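Please study the model shown here, and then read the briefing that follows. The points are grouped by topic.

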Amino acid sequence: MITSSGIFSIITFIYGLAVVFYAVSWVFKKELPAKLASAATVVAIAGNLGGIILRWIESYQMGYGHAPLSNLYESLVFFALCTATLYLYLQLRYKLRIVGLVASPIAFLAMAYASLVNSSIEPLIPALQSNWLIAHVITCFIGYAGFAVAFGISILYFIKAGSSKPGQTITDKIPHVDMLDELNHQMVMFGFLFLSAGIITGAVWANQAWGRYWGWDPKETWSLITWLIYASLLHARLMRGWTGRRIAVLSCAGFIAVIFTYFGVNLLPGLHSYQ
Amino acid sequence: MNQQAARNNPVNRVWKFFASVKLSVVVLLALAATSVIGTLIPQNASPMMYMQRYGDTLYPVFKALGFFDMYHAWWFRLLLGLLTVNIIVCSIDRLSATWKIIFPRKINFQASRFRKSKERVEWREGDAPDQLFNTCKEFVSRHFRHVSTQDTDNGTLVFGEKGRWTRLGVYAVHTSILLMVIGGLIGSLYGFEGFTNVSEGEAVQRISLKNSNKKKTLPFAIRCDDFSISHYESGMPKEYRSTVSILKDQEAVHQADIRVNDPLRYKGINIFQSSYGRIPEKFTIVFADPGSGIAYEKQASLGSRIEMPANKGTLIIEDFRDNFRLRGHNIGDSFICRIKRGGQEEDGQTGNFFALPLNYPRFDRMRQGDFVISAKNVDFRYYTGLQITRDPGVPIVYVGFAIIIIGCYITFFMQHKQICVELRGSREGTDMMLACISPKNRPGMKAASRKVALQLQNQLQSRER
């Protein structure tokens with residue numbers, strides 16, 4: 001009988017395959033590899049979701065019984081699922097395969113990193129035994145996925161804006177900068193809504209568990225820093241008319257804050273350090 | 001001239017300063033940047049620890065800048081205050097304009113905006129415009145409010161509009177931030193955050209307040225009836241549980257189990273399971289003569305003052321620590337003691353403290369005192385560490401939470417939308433044009449136009465059948 005860890009190993013490989021197909025399609029301007037890449041993404045998403053469900057069942061069989069959203073490994077796997085689903089949606093909605101080129105590596109890297117960390121199913125420590133855990137982790141990681149895709153789009157923006165002249169270069173396939181700018185904005189709004197919800201569910205949970213909804217713990221503070229960066233992006237864009245390069249720079253800065261909130265804070269003392 | 005004067009009026013200039021979105025962006029980024037400091041420097045730790053870490057030069061500088069409690073420092077509060085004023089002034093400044101858009105006296109549509117828009121979809125119907133008009137109008141009025149029509153030289157225009165009110169979403173978001181600020185203020189003015197340790201069987205009414213030396217007396221006493229820990233097979237902690245009773249005039253009026261994530265809320269005061277520990281109740285202190293090896297034993301408890309043999313002074317058991325760290329090494333459970341020599345003045349501060357680790361009975365030899373002192377036969381009693389808070393601002397903050405989510409959703413994903421369907425008569429029938437536009441001009445509008453056009457085409461076909 002295959003285990004969830006086994007599924008996730010295969011999925012990592014399929015995400016990697018999608019990355020390669022997207023790249024081949026882009027460089028050689030061929031349709032077939034792009035279709036294969038999309039198909040690989042669909043398979044990977046299905047497997048990713050299936051693996052999470054299986055892991056949930058496994059945790060019940062072990063007698064712990066909790067949603068697989070409780071440690072670094074499980075959060076990485078869930079993050080990969082969110083990112084892949086989001087870029088596949090964008091690809092279908094806006095007919096833009098190129099988004100997969102920059103977003104699929106993020107899903108792949110998340111899974112690859114997951115394979116390096118402890119993957120055993122552990123029971124929940126008392127602090128995590130709460131229904132808020134599920135709401136908090138899901139909202140946060142959907143938000144992170146939005147920011148990750150926005151980051152990918154920002155990179156595309158820099159490539160496209162940096163290419164000198166149109167015609168006969170591989171940057172032709174990248175949509176117009178205005179489109180990228182708008183997509184970036186859309187993804188940031190999406191991420192912002194979910195990050196807000198994530199911070200709020202975290203605050204309500206903290207009030208439930210420790211009697212304060214905000215305690216300036218490093219993870220809380222870094223999530224607020226992330227929120228503030230994206231809030232300033234939204235204001236600069238909607239009210240000051242910032243577009244293009246400056247928005248892409250802010251979007252990247254925001255994603256760096258996301259990464260630090262996610263991983264960097266584990267290096268600092270606090271309630272959220274997973275180890 | 002008058003206008004010039006009005007612009008230079010100091011009140012107007014201050015208003016303009018606070019109404020600027022540039023200020024918002026600067027303050028938001030400044031808050032983000034300065035918040036980093038408090039995640040790198042541990043907050044509200046002991047001065048000792050800061051001295052060790054930052055040394056003589058940096059310590060006073062950091063202290064003066066309030067870095068050791070930076071989220072309550074004057075300059076950080078000033079930034080928060082600036083943001084609050086900025087939000088209020090911005091919202092008031094723009095609300096009147098938005099209000100006029102949302103509730104106009106008369107709605108005007110400009111056909112040219114739709115005809116030129118990139119989002120438009122065009123097709124041809126076989127029938128004449130007047131045969132199609134009613135269906136079109138019905139269709140638009142089913143999906144949009146504020147429908148109006150306008151005749152042109154060779155046909156008709158049908159306009160529709162919806163979602164004007166969604167422009168209020170952003171004001172909801174700003175109001176929610178203000179609610180959180182107000183709730184936070186109420187909490188810090190009328191609430192408290194304290195902690196106390198209660199050993200099994202004991203009751204406590206006075207608690208210590210967090211980040212200060214102050215104490216607070218609760219309107220009731222908390223008695224710990226029982227404390228228990230359970231573990232998973234792997235040894236990981238599974239549950240910390242305190243059974244506590246609320247006492248009023250020595251009488252239990254309420255009893256409950258408190259677990260992590262499952263606090264007791266009693267009359268607006270919340271009691272949380274926060275930590276636990278052990279206190280030694282009774283134990284034996286052994287004085288071994290390093291020369292003869294003769295050992296003297298004495299019974300003791302925390303705070304005991306024990307006369308040492310041969311009038312060598314008084315041993316005072318000051319404290320007990322789990323996992324005591326001595327010069328960076330964890331020496332485990334230890335008693336902290338000092339010795340008072342006969343005749344000397346009582347002075348708790350200058351006495352030389354030393355540790356007696358339970359796991360290393362011969363540890364005290366290093367002190368080279370008159371005796372090698374150690375402790376044994378320790379009877380432990382558990383105590384539960386409770387966090388006790390009251391925050392009357394929470395309901396307001398929670399309302400803010402709800403509103404910000406709804407407001408963000410409205411602002412980001414709902415839009416003020418306008419539609420125009422043009423019927424232009426031609427020899428073959430009617431040239432149709434449909435365009436959905438939004439003042440925010442999202443890329444999705446083209447797709448939306450196509451979708452709506454398709455629905456209308458189906459509608460027109462089914463009319464024919």
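**Briefing on the predicted model**

Val43(A) is found in helix H2 of chain A, which covers residues 31–61. The model that contains this residue is a predicted one. The briefing begins with this residue, then turns to each chain, to the packing of helices and to the contact between the chains.

**Val43(A) and its surroundings**

- Val43(A) has 16 C-beta neighbours inside 10 Å and therefore counts as partly exposed. The class of partly exposed residues lies between the limits of 12 or fewer for exposed and 20 or more for buried.
- Val43(A) and Tyr15(A) are 28 residues apart along the chain, and their C-alpha atoms are separated by 9.0 Å.
- Tyr15(A) belongs to H1(A), where it is one of the residues that meet H4(A).

**Chain A as a whole**

- Chain A contains eight helices and zero strands. Read along the sequence, its pattern is α-α-α-α-α-α-α-α.
- The radius of gyration of chain A is 19 Å, close to the 19 Å from the globule rule for 275 residues, so chain A is as compact as a globular protein of that length.
- Along the principal axes, the C-alpha atoms of chain A fill a box of roughly 60 × 50 × 30 Å.
- Among the 275 residues of chain A, 54% count as buried.
- Of the contacts in chain A with a separation of 6 or more, 78% are accounted for by residues 24 or more positions apart.

**Chain B as a whole**

- The secondary structure of chain B comprises 10 helices and 20 strands.
- Chain B has a radius of gyration of 37 Å, whereas a compact globule of 465 residues would have one near 23 Å.
- The box filled by the C-alpha atoms of chain B, taken along the principal axes, is roughly 125 × 65 × 45 Å.
- In chain B, 27% of the 465 residues count as buried.
- Residues 24 or more positions apart make up 59% of the contacts in chain B that have a separation of 6 or more.

**Packing of helices in chain A**

- Two packed helices are described by the angle between their axes and the distance between the axes.
- For helix H1 (residues 4–28) and helix H4 (residues 98–114) of chain A, the axes come within 8 Å and cross at roughly 155 degrees.
- Angles over 145 degrees count as roughly antiparallel, and H1(A) and H4(A) are therefore roughly antiparallel to each other.
- The crossing of H1(A) and H4(A) is left-handed.
- On the side of H1(A), the residues in contact include Phe8(A), Ile11(A), Tyr22(A) and Trp26(A); those in H4(A) include Ile98(A), Leu101(A), Phe108(A) and Met111(A).
- By class, the contact of H1(A) with H4(A) has 16 nonpolar, four polar and no charged residues.

**Packing of helices in chain B**

- In chain B, the axes of helix H5 (residues 74–102) and helix H8 (residues 169–190) come within 10 Å, and they cross at roughly 150 degrees.
- This angle makes H5(B) roughly antiparallel to H8(B), and the crossing of the two is left-handed.
- Thr84(B), Ile87(B), Ile88(B), Ser91(B) and Leu95(B) of H5(B) meet Tyr171(B), His174(B), Ile177(B), Leu178(B) and Val181(B) of H8(B).
- The residues of this contact divide into seven nonpolar, three polar and no charged.

**Contact between the chains**

- Chain B gives 40 residues to the contact, and chain A gives 39 residues.
- Several elements of chain B give two or more residues to the side that touches chain A, among them helix H3 (21–40), strand S10 (269–288) and helix H9 (394–413).
- The largest share of this side of chain B, 12 residues, comes from H3(B).
- This side of chain B consists of 25 nonpolar, nine polar and six charged residues.

**Positive phi values in chain B**

- His146(B), a residue other than glycine, has a positive phi near 50 degrees. His146(B) is found in strand S2 (residues 145–152) of chain B.
- His146(B) counts as partly exposed because it has 14 C-beta neighbours inside 10 Å.
- Ala310(B) is not a glycine, yet its phi is positive, at about 60 degrees. Ala310(B) lies in the loop between strand S12 (305–307) and strand S13 (314–321) of chain B.
- With 11 other C-beta atoms within 10 Å, Ala310(B) is exposed.

Key: Residues are numbered from 1 along each chain as its sequence is written. Chains are lettered from A and ligands numbered from 1 in the order in which they are written. This is a predicted model: local features need pLDDT of at least 70, side-chain atom pairs count only at pLDDT 80 or more; totals for chains, interfaces and linings use all residues. Helices (H or I, at least four residues) and strands (E, at least two) are DSSP runs, numbered from the N terminus. The radius of gyration is taken over C-alpha atoms; the globule rule is 2.2 Å times the number of residues to the power 0.38. Two residues are in contact if their C-beta atoms, placed from the backbone, lie within 7 Å. Axes are lines fitted to C-alpha atoms, for helices over the stretch in contact, and angles run from 0 to 180 degrees between N-to-C directions. Angles under 35 degrees count as roughly parallel, over 145 as roughly antiparallel, 65 to 115 as roughly perpendicular and the rest as oblique. A crossing is left-handed if the near helix is turned anticlockwise from the far one by less than a right angle, and right-handed if clockwise. Ala, Val, Leu, Ile, Met, Phe, Trp, Tyr, Cys and Pro count as nonpolar, Asp, Glu, Lys and Arg as charged, and the others, Gly among them, as polar.
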